[in-house]
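User: Can you walk me through this model? I'd like to start with how things are named.

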Amino acid sequence: MNISAYILEYLKQFGTVTVPGFGVFHLENSKAIINAENGSILPPSSQIAFISDYEVQSDELASFVSAQKQTSMESVKNELLIQTDFWKKDFRRISFWKFRIWGPFT
């Protein structure tokens, strides 16, 4: 199961997603920017922000994934636990951390 893809899809639909035992991802919008040098305009965009919180709990993501995959909530919760444990270990191992599969989100 590709948890990152489900998190991204949930973000696209709802703007914020709580990953139990890990933290909260949300979209931050930026306004259009005019480049004074050449007059070009960079369009408004969104970027993904993250607030780490290993105590946060929610069943919304598990419910969403369960419905998408047509599988049990228990199965999804176990997969989330495995994935977040991996991310936590990765988080501790390196000083700068990001989701490897996600590029800019616009």
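Analyst: Helices (H or I, at least four residues) and strands (E, at least two) are DSSP runs, numbered from the N terminus. This is a predicted model, where local features need pLDDT of at least 70, side-chain atom pairs count only at pLDDT 80 or more, and totals for chains, interfaces and linings use all residues. Residues are numbered from 1 along each chain as its sequence is written, and side-chain values use heavy atoms, with hydrogens and water left out.

User: Where is Gln70 placed?

Analyst: Gln70 lies in the loop between helix H2 (60-69) and helix H3 (73-93). Its phi is near 55°, a positive value in a residue other than glycine.

User: Is Gln70 buried or exposed?

Analyst: Gln70 is exposed, because its relative accessibility is 73%. Buried means under 20% relative accessible area, exposed over 50%, partly exposed in between (1.4 Å probe, protein chains only).

User: Other topic. In what order do the strands of the sheet run?

Analyst: The order is S1-S2-S5, 3 strands in an open sheet with antiparallel pairing. Two strands pair if DSSP finds at least two bridges between them. Strand S1 (16-19) and strand S5 (45-52) are at the edges with a single partner strand each, so one side of each has no neighbour in the sheet.

User: How many bridges join S2 and S5?

Analyst: Strand S2 (residues 23-30) pairs with S5 over 8 bridges, in the antiparallel sense. Ser30 is opposite Ser45 in S5.

User: And which residues of H1 meet H3?

Analyst: Ile3, Ser4 and Ile7 in H1 are in contact (heavy atoms within 4.5 Å) with Leu80, Gln83 and Trp87 in H3.
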